[in-house]
Amino acid sequence: MHIHAYEKLWLALSIVLILALIGTVTYGAVGPGVAMVADSQSTVDPGALDEDDRFSEPRVEQVGENEYEAYVVAYQFGFEPTPIVVPANSTVTLHITSRDVIHGFGVAGTSANAMAVPGEVSEITVETDEPTEYGIVCNEYCGAGHHVMEGKINVVSQSEFEDRGGDSE
Amino acid sequence: MSAAIESEPTFVDKFPDEARVVRAAFMSSFFALLLGAIFGIIQTLHRTDVARIIPSTDYYTVLTAHGVFMVISFTIFFLVGLFTWALTRSLDRPLLNIKITWTWYGLMAAGMTLTGISILAGFVDSIDMSADVLYTFYAPLQAHPLFYAGLTVFIVGTWIAGADWFRTFLAWRSEHPDERIPLQTFMVLTTMTMWYIASSAVAASVLLFLLPWSLGFIDQVNPTLTRTLFWFFGHPVVYFWLMPAYMLWYTVLPKIAGGRLFSDPLARVVFVLFVLLSTPVGIHHQYLDPGIAEGFKFISMTNTMFLLLPSLLTAFTVVASVEYGARQRGGTGLLGWLTNLPWRKPEFTGMMLAGLMFAAGGFSGMVNAGMNINYLIHNTLWVPGHFHLTVGTAVALTMMAGTYWIWPQISNKPIFSSQIGLFQVVLWFIGMALMSNAMHAQGLLGVPRRTAEPEYSGFDYPTMFGGFEELNIQIAIGGTLLFVSTILFLGNLALTMGNPTVSGLAEPLPSPVSGAEDAPKVLDNLRLWVGIALTLVVLAYALPIAAIINRGGLLGPGVGTYPVWVAPLFDALADAATPLLAAITDASGSLLEVVR
């Protein structure tokens, strides 16, 4: 098979590009430690969330110094808790599930994004910085009221967070 | 024009029966394009809040119709028409039995009619039927059973089409035992091989889970499992849309440019790579799904990146073939040859612009495939921005441009107006440039896809590349130009059909510069490629699917049913009989209505 010299060069450059793209993802995983939503959490019965330790009470709780865990339930057509109140300059691990259909959990304008699938739990960890507010959108079609499904993350100062009793209910 | 050229037969002269099938398939395709375009303009103007003629709850009926009619009916009906032409033309023999050919066409048309009825009934409150589940029909959202049943019949039709082409090829093979598979036939056979592998999963999902569930035979399904089976099919299907465009770029575009395909062997390599790599990548649509291990996502990502290779090779070969054509026409210089190309022909300019946009779509696709940066854009408007460059332009514009070339071959009627055609393809390019660019930009702001009202009460989007409102205007203008372009295309074609038939339109395709004799024989060994493709699929999917079933159960972890089609009539029936009986009655009643 005859392959033109330019075509060989193009082929080589293409393979370099592909390997470089795979390289960036690999570097992201092992270098800065970008973690994927995966199978780290055990399954849950979406019909009996009130009997589940994690989701019977959607909430934010402190688990260490500057470390917090949030348990979020998506449903037709909203999120619980709302707003999700977290302190500034902290590490927050979000656990997200759905009690009915598949929803999305996207923090607008950021890369904090996960699917909310009934029966499964998405886990993502984010770092907060200054106090601000973020909108949460359901970014997976979930029924006729999909466009009204929104939530909010309020990042507040440490002192305000403590004033609220450390919980976002 | 010399007598020799005038006496050259066109496709319809040689194969009138097959040409009739090709025209019928194209007509079905363009009817779907018309419907898809109407729903497209409604949704563009609704989403951007320029004009809202429907309530927002009906937006999802519009969106389902736009998606299904465009990417299932328009693309696949065009494919079966083009492939029937290509196989018959390149084997230079008629199909084995034209009755079988009409049978699969009839099945596809009937199936799509059923599915279309189930979707459009969503607009009519008095009809107890709806399928607002969008093109991806993720459970536990549930459509009317007719939606799933229609899709099944349609896909069975495509399977019989593939069998029809394979049987005709085998008949040719017994008459020509030592010849290489003609290039276009090779493209048909490899693409259909990929399609059989890919569509098996969605068929399993529909027949084992979704259809029985919508009929009430089973109570629940595993949403992650049906979603995974959907994407097993849902990624390779994009190559099923793309391969007709590739066939036109490889075998017709060089001819229009005045030259010949640069390399037949590399075209074969590209199609083989698609057979191997199209399917074991679907999990890249599920990077953000819980319940699937990171390692499986990584395998899918790697395969996806290698899938860039055949498209990068295509970029080289197609440009090289066009340059060869330009130089044959007297073109010189490093870039000066570009002026020696037939830019006034809509079939040429349309395909070239489609190819240019495909390159842009390829780059946004690399972002989608990037497992970590994907978090920024997953399910945002960036994603439809991406696929309106790929399926919405690389495929759709190539199909329209290709029609300007192929329609005279299958009908002996010259195109009504090349000028309108040229204007139309350029208009598509401009409209899509506006719309797609603004969709990508809104996606980066976090604006979600698939929503009737992307502005929210509780927060505003950050401003980056122009504000949300300004981008909305770009989307609305772009969408309007695309709608006008579609109407011009369809109008031009309708007027073409009114033209009298003439002779002398034949445009035979030249053989490549580097022909099939240069291609290693192993490339034609389809059994080998099927074996490797299946191995890769098993490697990519066996463990994830086993893990999903192990975690959630075959029929799901207690997930409910969320029909979008239940209405008062159903409730009344449910009171009288068991829900199961009610569902069956309802479904068969609807079927009967359609049969009548």
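What share of the contacts in chain A with a separation of 6 or more comes from residues 24 or more positions apart? In this predicted model, the figure is 63%.

## The whole chain

Let's start with the big picture.

Of the 169 residues in chain A, 43% are buried.

## A covered strand

Now zoom in on strand β6, residues 103–107 of chain A. Five of its five residues are buried. Side chains in a regular strand alternate between the two faces of the sheet. Here, one side of β6(A) carries His103(A), Phe105(A) and Val107(A), while Gly104(A) and Gly106(A) sit on the other, and both faces are covered.

## Its partners

So who pairs with β6(A)? One partner is strand β7 of chain A (residues 113–116), joined in the antiparallel sense over four bridges. Across this pairing, Gly104(A) stands opposite Met115(A). The hairpin of β6(A) and β7(A) has five residues between the strands, and Gly109(A) takes a positive phi there, near 80 degrees.

Strand β9 of chain A (residues 132–137) also runs antiparallel to β6(A), with two bridges joining them. Look for Val107(A) here: its bridge partner in β9(A) is Ile136(A).

Technical notes:
Residues numbered from 1 in each chain as written. Chains lettered and ligands numbered in written order. Predicted model: local features only at pLDDT ≥ 70, side-chain atom pairs only at ≥ 80, totals over all residues. Buried ≥ 20, exposed ≤ 12 C-beta atoms within 10 Å, placed from the backbone. Pairing = 2+ DSSP bridges. Contact = placed C-beta atoms within 7 Å.
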